[in-house]
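Hi there,

Here is the structure I promised you. Have a look at it first, and then read on for what turned up.

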Amino acid sequence: MLELIIVGAGPAGITAGVYAARKRMDFLVISGDIGGQTAWSGDVENYTGYQFVTGPELAAKFEEHMRRYRIDVREGELVRELSRSQDAVTLTTDKARYEARTAIIASGKRSRELGVPGEKEFKNKGLTYCATCDGPLFSGKDVAVIGGGNSALDATLQLMNIARRVHVINAASALTGDAVMREKAEAAGNVAILNGSSVTQVYGEKMVQGLEISRGGKKERLAVQGIFVEIGLIPNSEFAQGVARNEYGEIKVNSRNETSMEGVFAAGDVTDVPEKQIIIAAGEGSKAALSAFRYLAQHKF
Amino acid sequence: MEKKVRIYSTPTCPYCIRAKQFLKDNNVVFEDVDVSSDDQAAEEMIAKSGQMGVPVIAVDDEIIVGFDKERIVRALGI
């Protein structure tokens, strides 16, 4: 039986993998993607050691570091269920079933959807959740960014150099992201910030043609060719039904990254750790791996 | 005969990078089309795939949207 299974390969999962490999643990990594949200991020200026690095570059560095060790990575596999028997954790994916003594859940978060008419129909037809990936296709076009936090500002800063005009549709009365980013967005000549407005509908024919917004009780239409949804994230924790989670669906962990389920640890954005940052996720991943290692040493299976 | 493979991509999209790496690892010769710097290619990609997400991989006339490893494997017989 495996000693450990790591679910997820973002900063937390990859760092856990590097630590587990160095402890010579017998383990594998199961993940839908590699790099997690870092791979979708724009500029990263707060990961110590890198004064400036892009998200995809940093994700590539993480992966390169992980590949230095012969780690068995099952990419593109999705975990559906996690359960525990007397002395093992069982993980069922869309492809197979695995058993291990311990597990680390580092499955991160995914984009929250708007939940308005037209969103599903126009996904990838002008509406996207990844400015880093799809932004370059909108050069010279008018676009809207939905949201007012750091990810919305990150998207805005990328798009203002590509698109003709960027409308920021923010439900709150002011932007909430970091001051440094806010100032850059506000200083740009082609960024219009619409506070106190929310999206009620996405319209178009084959591709997006615009959106309908509600502002001060009034509905208006805004013609745009691109819509970038950046309204926050939800944890990928649905498969861990038996593990205690908080009101947001985040997995509860203590300072040793232990969850409510014996032998199951969790790290990074999927947990209730305060602050979601790449560097924090990486640190939490290392702690989780060391805790799993210690757990195995204490239980002589 | 060898199938003609084109990948429509942007330099920053993680799945484009992974898809290209996957093709390279399998010794597949392909043409990389950067749709962020080539408007005509972007239009072509949108017309062929009916959508704007990258990557789009064309194996002869078969259009694969996204880094769909299983479909790429089937289309190329690798």
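How many aromatic pairs does the structure hold over all chains? There are six, where rings of Phe, Tyr and Trp (its six-membered ring) pair if their centres lie within 6.5 Å; planes under 30 degrees apart are stacked, those over 60 edge-to-face and the rest tilted. One of the pairs joins Tyr47(A) and Tyr50(A), which is tilted, at 6.2 Å centre to centre and 50 degrees between the planes. Tyr47(A) is buried at 15% relative accessible area, while Tyr50(A) is partly exposed at 29% (buried is under 20%, exposed over 50%, partly exposed in between, with a 1.4 Å probe and protein chains only). Together with Phe62(A), these two tyrosines form one aromatic cluster.

Phe62(A) is also among the buried residues of helix α2(A), including Leu58(A), Ala59(A) and Met66(A). Helices here are DSSP runs of H or I, at least four residues, and strands are runs of E, at least two, numbered from the N terminus.

Lastly, the charged end of Arg221(A) sits over the ring of Tyr203(A), 3.9 Å from its centre (the cut-offs are NZ of Lys or CZ of Arg within 6 Å of the ring centre and within 35 degrees of the ring normal).

Please note that this is a predicted model: local features need pLDDT of at least 70, side-chain atom pairs count only at pLDDT 80 or more, and totals for chains, interfaces and linings use all residues. Residues are numbered from 1 along each chain as its sequence is written, chains are lettered from A and ligands numbered from 1 in the order in which they are written, and side-chain values use heavy atoms, leaving out hydrogens and water.

Happy exploring!
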